[in-house]
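Please walk through the aromatic pairs, the pockets and a few individual residues of the model shown here.

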Amino acid sequence: VGITGFENNLVIPSWQRNPPPIPSIEVDWCAFSFTRQSADNEPAQVQISDSLCEMRTNESINLICTFYGDNAQSFATALRDGIYMSQNREPMLLAGMGLVGVEDIQHLPELKNDRYYQRYDLTIIIRREMRRQFPILSLINSQGTIYADNGSAVIEQEFTTL
């Protein structure tokens with residue numbers, strides 16, 4: 001809304017359970033949705049305390065903004081360019097997210113009620129750090145015996161950790 005100048009009621013979440021009426025073909029508007037969420041394959045594990053472990057991973061999220069109307073392409077390019085302005089990225093940074101990039105704008109006219117609506121899709125890729133805590137006990141100390149057979153002799157070694 002802040003970058004494109006749309007009124008609040010013309011930026012609509014996609015795929016709502018009870019969707020509002022679609023604006024008329026002459027109206028410029030935007031639908032948005034989160035379509036992909038992926039995480040790093042090797043999250044970090046940090047033992048916070050004797051009984052709490054924290055998993056930290058980076059997650060990428062794809063936000064698709066679909067623009068409709070006669071000026072849809074202009075609004076898509078305004079968002080593509082405007083998202084790179086530091087003042088427009090600041091709310092993401094304050095929320096612990098960052099901009100990875102923006103994919104190419106795709107022109108995908110959509111047939112509705114025997115009329116083609118102009119449609120331009122823009123995908124914005126956002127990254128954030130996720131932290132989840134799990135109640136996992138750490139090993140404080142242990143003791144025991146290690147037995148090993150090197151082929152010619154059996155080795156027995158007592159150990160204690162503190």
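Rings of Phe, Tyr and Trp (its six-membered ring) are taken as a pair if their centres lie within 6.5 Å; the pair counts as stacked with planes under 30 degrees apart, as edge-to-face over 60, and as tilted for the rest. The model is a predicted one, in which local features need pLDDT of at least 70 and side-chain atom pairs count only at pLDDT 80 or more, while totals for chains, interfaces and linings use all residues. Residues are numbered from 1 along each chain as its sequence is written, and side-chain values use heavy atoms, with hydrogens and water left out.

A search of the whole structure gives 3 aromatic pairs. One of them joins Phe6 and Phe67, and because the ring centres are 6.2 Å apart and the planes stand at 20°, this pair is stacked. Phe6 lies in the segment before strand S1 (11-13) and Phe67 in strand S4 (residues 52-68), 61 residues apart, so the pair links distant parts of the chain. Here helices (H or I, at least four residues) and strands (E, at least two) are DSSP runs, numbered from the N terminus. Phe6 has a relative accessibility of 7% and counts as buried; Phe67, with a relative accessible area of 1%, is buried too. For these labels, buried means under 20% relative accessible area, exposed means over 50%, and partly exposed is in between (1.4 Å probe, protein chains only).

Trp29 and Tyr68 form another stacked aromatic pair, with 4.5 Å from centre to centre and 15° between the planes. This pair also links distant parts of the chain, with Trp29 in strand S2 (residues 29-39) and Tyr68 in strand S4, 39 residues apart. Both Trp29 and Tyr68 are buried.

Next come the pockets. On a 1 Å grid over the protein atoms alone, a pocket is an open set of points with protein on both sides within 12 Å along at least five of seven lines, whereas a cavity is a set of points where a 1.4 Å probe fits but cannot get out; lining residues have an atom within 4 Å of a point. Grid points are joined across faces, edges and corners, and a volume is the space filled by probe spheres set on the points. The largest pocket holds about 500 Å³ of space. Its lining has 23 residues, and Val1, Leu63, Cys65, Leu79 and Ile83 are those nearest the centre. At least two lining residues come from each of S2, S4, helix H2 (86-94) and strand S9 (119-134). By type, the lining of the largest pocket has 18 nonpolar, 4 polar and 1 charged residues, where Ala, Val, Leu, Ile, Met, Phe, Trp, Tyr, Cys and Pro count as nonpolar, Asp, Glu, Lys and Arg as charged, and the others, Gly among them, as polar.

The second largest pocket has a volume of about 260 Å³. It is lined by 17 residues, and the stacked rings return here: Trp29 and Tyr68 are among the residues nearest its centre, together with Ser14, Trp15 and Ala31. S1, S2, S4 and strand S7 (110-112) are the elements that give two or more residues to this lining. The lining of the second largest pocket divides into 11 nonpolar, 3 polar and 3 charged residues.

Strand S7 also contains Glu110, which counts as buried at 18% relative accessibility. Leaving aside neighbours within four places in sequence, Glu110 is in contact (heavy atoms within 4.5 Å) with Tyr68, Arg115, Tyr116, Tyr117 and Arg119. Pro109, in the loop between strand S6 (106-107) and S7, is partly exposed at 39% relative accessibility. With residues up to four places away not counted, Pro109 touches Tyr116, Tyr117 and Arg119.

Asn113 is exposed with a relative accessible area of 72%, and Asp114 is exposed with 75%.
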